[in-house]
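Please keep the sequence and the model in view while reading.

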Amino acid sequence: MAFWKDGSAEPKRKFRFRATIFGQVAWYTKSFGSPGFSIDPQEVHFSDHIFKYPGKLKWEDVSVTLMDPGGDDDVVNKTLKLIEDAGYSIPTTGGANSDYDTFSKAELLLNASTDVILEILDQAGNAIETWTLHNAFIKSAKFGDFDYSGEEMREITLDFAYDWGSCTLKASPSDTTSTLDKKYFTTG
């Protein structure tokens with residue numbers, strides 16, 4: 001039955017979500033782009049016809065906008081710490097060999113939780129859909145703009161690349177096929 005005819009149904013709402021970034025709930029998350037993928041079709045030419053077959057599945061990058069509360073939750077400091085955990089050293093002298101360290105996915109996997117989690121919540125605050133971005137890392141960071149004409153909080157945008165995503169849906173009370181949560185799009 002359609003949700004608009006069922007008085008007890010509650011559709012998923014865009015503003016009910018919780019983000020966990022590298023092992024910490026990021027309560028200061030303003031927006032979180034939904035995970036998605038694309039499949040590159042491969043063409044096979046046969047006689048006078050072209051047939052298309054699914055090619056490789058690629059998970060699309062996700063953009064997350066964070067408010068910067070400063071203090072213990074300073075997002076700039078946390079972001080720079082994540083880059084440092086991945087093996088990158090911000091140059092200080094421009095001459096020492098240690099100034100030229102670079103990123104390592106293996107080092108990031110050792111030093112930090114690399115899963116980024118998006119939970120969609122019901123009206124009681126329970127997770128009803130959970131997306132996990134596996135082996136995520138920061139692809140780009142924009143540390144906000146400054147402007148004398150506004151009083152808004154500083155916004156920081158992080159773009160995450162990741163190897164694959166998985167989605168767990170909480171089984172609904174009317175679903176009699178399983179009492180366990182359902183997992184979709186799992187490849188690892």
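## Sheet, core and charged pairs

Strand 6 and strand 10 run antiparallel and are joined by six bridges; strands here are DSSP runs of E with at least two residues, helices are runs of H or I with at least four, and both are numbered from the N terminus. The model is a predicted one, in which local features need pLDDT of at least 70 and side-chain atom pairs count only at pLDDT 80 or more, whereas totals for chains, interfaces and linings use all residues. Residues are numbered from 1 along each chain as its sequence is written, and side-chain values use heavy atoms, with hydrogens and water left out.

Leaving aside residues up to four places away in sequence, Phe160 touches Ile21, Phe22, Asp61, Val62, Val64, Val116, Ala136, Phe137, Ile138 and Lys139, contact meaning heavy atoms within 4.5 Å. Phe160 is also, together with Ile21, Phe22, Phe32 and Val116, among the residues that touch the most other members of the largest nonpolar core, which has 27 residues. Such a core is a set of buried Ala, Val, Leu, Ile, Met, Phe, Trp, Tyr and Cys residues joined through side-chain atoms within 4.5 Å. At least two residues of this core come from each of several elements, including strand 1 (17–21), helix 1 (75–85) and strand 7 (116–121).

The structure holds seven salt bridges, each defined by a side-chain nitrogen of Lys or Arg within 4 Å of a carboxyl oxygen of Asp or Glu. Among them are the three listed here.

| Pair | Closest N to O distance |
|---|---|
| Asp68 and Arg154 | 3.6 Å |
| Lys142 and Asp145 | 2.9 Å |

Asp61 lies in the loop between strand 5 (49–59) and strand 6 and Lys139 in strand 9 (residues 137–142), so this pair ties together parts that are 78 residues apart in sequence. Asp61 is partly exposed at 36% relative accessibility, while Lys139 is exposed at 52%; buried means under 20% relative accessible area, exposed over 50%, and partly exposed in between (1.4 Å probe, protein chains only). In the second pair, Asp68 is buried at 12% and Arg154 partly exposed at 27%. In the third, Asp145 is exposed at 63% and Lys142 partly exposed at 47%.

Lys30, placed in strand 3, is partly exposed with a relative accessible area of 46%. The side chains of Lys30 and Glu155 are joined by a polar contact of 2.4 Å, that is, a pair of N or O atoms within 3.5 Å, where within protein one must be able to donate a hydrogen and the other to accept it, and residues adjacent in sequence count only if both atoms are side-chain atoms.

Technical notes:
Pairing = 2+ DSSP bridges.
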